[in-house]
Amino acid sequence: MAKQIRVLVWNENVHEQENATVREVYPQGIHGTIAEALKEDVDLSVSTATLQEREHGLTKDVLDHTDVLLWWAHAAHGKVENEIVERVLARVWEGMGFIALHSSHYSRPFQRLMGTSCSLTWREAGEKERLWVCNPAHRIARGIDRYFEIPNTEMYGEPFAIPTPDEIVFISWFEGGEVFRSGCTWKRGNGKIFYFGPGHEVYPIYQHPTVRLVLRNAVHWAAPDTEKWIDNCPQIDIENAPEKITTKGPRLHKKGEAGLR
Ligand code: ZN
């Protein structure tokens, strides 16, 4: 068997503690249900982490051994420590895949990776969502027909304040008439990023078979296909320049000195 992809499902795990409806839909937590969906694929080695754990379960060691990180959050974006956000970003730049789910459009790591507000329009009416496949050849759309539907969902609509995606895999249409770029990809540094819209916590969306397939596909797509890129801004010694050069003018920096950050 090929090497398994090491997947970490991160969830803020707040609504499950505070809301009876969410607890009923996700008795093992949203992270537990997503992990169960991913474990249906033997090529994935899946673990979970939550906000409440020490360092939010995202220690340097854990992240160093993660190929793809999935992120679900809504009520506690501001409770994620800055240091942990920076740690996640650094790993994405090195090559770790990052999958932002539903209300994680407003999560700190996703906002930082996008560099925009990531706002959108929304409505909670339990309406139907039809997700159209824009790019049938894409790895994330593998095994999915022209479209699939989720019977009860929260509407997320345009304008979605994201930078223009590298690829749009899904566009959603909602019963109320709005549309939304619900499956988008980007690359940041060496890392691949996927945003996937469905996942409102009061509906059993992560039990939907096609949603689960999208998550498994997305992990395969987002897994790093190169070695880590350790981006440490190295100073190249004068004698190591590809062509022979001599120093001209004054120098501020000493030989061997690290780049300033
Ligand atoms: Zn929601």
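The legends below describe close-up views of one predicted model. Residues are numbered from 1 along each chain as its sequence is written, and side-chain values use heavy atoms, with hydrogens and water left out. In this predicted model, local features need pLDDT of at least 70 and side-chain atom pairs count only at pLDDT 80 or more, while totals for chains, interfaces and linings use all residues.

**View 1. The zinc site.**
The zinc ion has three named protein donors: His102 (NE2), Glu154 (OE) and His200 (ND1). Donors are N, O and S atoms within 2.8 Å of the metal (3.2 Å for Na, K and Ca); water is not among the atoms, so sites may look incomplete. The donor spacing in sequence is H-x51-E-x45-H. His102 sits in the loop between β4 (97–101) and α6 (108–114), and His200 in the loop between β9 and α7; the pair links parts of the chain 98 residues apart. Helices (H or I, at least four residues) and strands (E, at least two) are DSSP runs, numbered from the N terminus. His102 has 2% relative accessibility and counts as buried. His200, at 4%, is buried too. Buried means under 20% relative accessible area, exposed over 50%, and partly exposed in between (1.4 Å probe, protein chains only).

**View 2. Ser103 and its contacts.**
Ser103 belongs to the loop between β4 and α6. Its relative accessibility is 2%, so Ser103 counts as buried. From Ser103 to His200 the C-alpha to C-alpha distance is 7.7 Å, across 97 residues of sequence. Leaving aside neighbours within four places in sequence, Ser103 is in contact with Trp72, Ala73, His74, His77 and Tyr156. Contact means heavy atoms within 4.5 Å.

**View 3. The largest nonpolar core.**
This core has 39 residues. Those with the most contacts inside it are Leu38, Leu70, Phe170, Phe194 and Phe196. Helix α7 (residues 209–222) supplies the largest share, seven residues. Apart from this core lies another, of 35 residues, among them Leu51, Ala73, Phe160 and Phe174. A nonpolar core is a set of buried Ala, Val, Leu, Ile, Met, Phe, Trp, Tyr and Cys residues joined through side-chain atoms within 4.5 Å. Not counting residues up to four places away in sequence, the residues touched by Leu70 include Val7, Val9, Trp10, Leu38, Leu101 and Leu215.

**View 4. Strand β1 and its partners.**
Six of the seven residues of strand β1 (residues 5–11) are buried, so the strand is largely enclosed by the rest of the structure. β1 pairs in the parallel sense with strand β2 (residues 44–50) over seven bridges. It also pairs in the parallel sense with strand β3 (residues 68–72), over five bridges. Two strands pair if DSSP finds at least two bridges between them. Trp10 stands opposite Ala49 in β2 and opposite Trp71 in β3.

**View 5. Aromatic pairs.**
The structure holds 13 aromatic pairs. In one, the rings of Phe180 and Tyr195 have centres 6.3 Å apart and planes at 90°, so the pair is edge-to-face. Phe180 is in strand β8 (residues 179–188) and Tyr195 in strand β9 (residues 191–196), 15 residues apart. Both are buried. The rings of Phe194 and Phe196 have centres 5.8 Å apart and planes at 20°, so this pair is stacked. Phe194 is buried at 0% relative accessible area, and Phe196 is buried at 0% relative accessibility. Rings of Phe, Tyr and Trp (its six-membered ring) pair if their centres lie within 6.5 Å; planes under 30 degrees apart count as stacked, over 60 as edge-to-face and the rest as tilted. Phe110, Tyr156, Phe160, Phe180, Trp186 and Tyr195 form one aromatic cluster.

**View 6. Charges over rings.**
The charged end of Arg130 sits over the ring of Tyr147, 5.3 Å from its centre. That of Lys192 sits over the ring of Trp221, 5.7 Å from its centre. A charge sits over a ring if NZ of Lys or CZ of Arg is within 6 Å of the ring centre and within 35 degrees of the ring normal.

**View 7. Backbone exceptions.**
Most residues other than glycine have a negative phi, and most peptide bonds are trans. The peptide bond from Glu158 to Pro159 is cis, with omega near 0°. Pro159 is in the loop between β6 (147–157) and β7 (167–174). His56 has a positive phi of about 55°. It lies in the loop between β2 and α4 (60–64). Cys118 has a positive phi near 65° and is buried, with a relative accessible area of 0%.
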